[in-house]
Amino acid sequence: MTLACTGIGIGDGVAIGDAWLLRQGRVQLAPDQRHVGDVASEVARYRAAVTVAAEQLKAARGEISGDMPEDIAEFIDTHLLMLQDKVITDGPIKLIRQQGIRAELALQARRDALVDVFDRMEDPYLRTRKDDLDHVVQRIQRVLAGEHPEQVPNLAGRIVLADDITPADAVLLKQRGVAGFVTEYGSPMSHTAILARSLNIPAVVGAHGAVACLRHGETLMLDAAQGIVLADCDARTRAHFERRLGDQQHRRTALRSLRDEPAQSRDGECFELLANIELPDDVAEARRNGAQGVGLFRTEFLYMNRDQPPGEEEQYQAYRDALLGMDGLPVTLRTLDLGADKTVTGASQGGNPALGLRGIRLCLQEPTLFRPQLRAILRAAVHGPLNVMVPMVTTVWETLHVRALIEDVSRELAAEGVEHRADFPLGAMIEVPAAALAAPALAAELDFLSIGTNDLIQYTLAIDRVDDAVAYLYDPLHPAVLQLLQRVIDAGRAADIPVSMCGEMAGEPTHVALLAGLGLRRFSMQPGALLAVKERIRDLDTRRAQEYACQALAGQALPIA
Ligand code: PEP
Ligand code: MG
């Protein structure tokens, strides 16, 4: 009989693939499995797992080729040293002997006690050791669970099952060719979900119970549009999914014919359709879908899946490559937006990360993080039309501070004789309600505004964008949100500066009429959505859209636009 798990679908694709269980969460054992009868053999099992983990690391070290960065070898050496430390070799064994518990639980208990110590450390470098500890512990847990790492690297055609997936994991999964993923937790506006859409990975998040119900290795059918994943399917269901995969491909091909058509409404209004990218390599996908520029380059993704932040030179090359790749089309680069759910190794988070040191707040406090990025940006600016925008702006003061820093960095580069430009347009992301309300003041100081609806909705409606328990409240059409959007668009028009939208709302064809009716003409979205949005625009009458927007602003029930 078919088994169905439901959650929140990300994207509208379907996938068929074998389940790959990614063990990353806490070990959960039923009460009757927690204790062992034979302590001596459990100790032996643990010792054997540590030995196997060390052998795996040595083998990985042996595979490092000469052209790989030295840090990788150092990274593995650190883990090998940890595996030989008494904390790992003896600590869990003591617990197995004292309490008669399973090796998995003993290891987890030792890990928790150590993490507590790391968390109390002030030194950020020492805090990063906590991540190393977690990697080492997870490696041993995987061995204890009978997993073999040689099966992990290639995920082509597989559907990954996990408790949760971080944005950094999503990038790795894509690189390994994953067909889709299913998570117990997560919500549709998390950065992981945004990445899944942008990387064209169909996914179902917030599927509570999926990890317990679905089995590693069994064939799954995933329907992201319906937020459902099926196991034990019969031939008829399988044929249905295969047909859907074919239709999906067919629709993509049909949309491709719009690539070079103008983004113009039936009544002749011109629109600008831009792409959101995470890494310079995404430029190719943006161009394939006819993007007229990059409206949001999320630069923080250069900082993920690594121990050390990228240096100035690496960042300069990434920004330059994006500009050259767009071949004269504009690129809007967003300065670092780290914090909240986008963390990097070693970063400390306050008690309420979404309201804490995130985006520009963090950058202004950490010049050692921000100045190399600004230097890289100014140097890259000579290679094409660059715009720069600042995330998480709350006050005009923050943008003035950024302008002053840009001028200072420009003087520094000039003194060093380094080629650069500092005369690019500077804008703010409007994603905090205070910034939307203060949009006229921001518009007076800046060259453009870009509305980040993902956060603007989160902060306006007071719902954590990564918490699936409140995902049902995430409503882009809430009259409070629409009034803020109208205010920002009006402020831009009054100050005669461009206003764009780069939140997920801009890439949703069903919202195009409403946004056009509010006066928005610049939309930036994940590249895969560009052609469907263009199709909608070409079928639009902006005068009717305006009436539609008025009704929505008044909170009236909406007819189909
Ligand atoms: C937004 O908040 O709408 C946005 C585009 O930024 P991010 O999703 O990266 O927070
Ligand atoms: Mg944001």
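These legends accompany close-up views of a predicted model.

**View 1. The largest cavity and its lining.** A search of the whole structure finds 3 cavities of 30 Å³ or more. The largest has a volume of about 70 Å³. Its lining is made up of 13 residues. Arg298, Arg334, Met429, Glu431 and Asn454 lie nearest the centre. Strand β10 (294-298) and helix α18 (453-461) each supply at least two lining residues. Helix α18 gives the largest share, with 3 residues.

**View 2. The magnesium site.** Glu431 (OE) and Asp455 (OD) coordinate the magnesium ion (ligand 2), at 2.0 to 2.1 Å. This pair joins distant parts of the chain, 24 residues apart. Glu431 sits in the loop between β13 (426-430) and α16 (433-437), whereas Asp455 belongs to helix α18. Both Glu431 and Asp455 are buried. Glu431 is also among the residues nearest the centre of the largest cavity.

**View 3. Positive phi at Asp327.** Most residues other than glycine have a negative phi. Asp327 has a positive phi, near 50 degrees. This residue is found in the loop between α12 (312-325) and β11 (331-334). Asp327 counts as exposed because its relative accessibility, 58%, is over 50%.

**View 4. Positive phi at Ala462.** The phi of Ala462 is near 55 degrees, a positive value in a residue other than glycine. Ala462 is found in the loop between α18 and α19 (479-495). With a relative accessible area of 66%, Ala462 is exposed.

Conventions
Residues numbered from 1 in each chain as written. Chains lettered and ligands numbered in written order. Predicted model: local features only at pLDDT ≥ 70, side-chain atom pairs only at ≥ 80, totals over all residues. Heavy atoms only, no water. 1 Å grid on protein atoms, 1.4 Å probe; cavity = no way out; pocket = protein on both sides within 12 Å on 5 of 7 lines; lining within 4 Å. Points joined across faces, edges and corners; volume = space filled by probe spheres on them. Helix = DSSP H or I, 4+ residues; strand = E, 2+ residues; numbered from the N terminus. Donors = N, O, S within 2.8 Å, 3.2 Å for Na, K, Ca; no water. Buried < 20%, exposed > 50% of the residue type's maximum accessible area, 1.4 Å probe, protein only.
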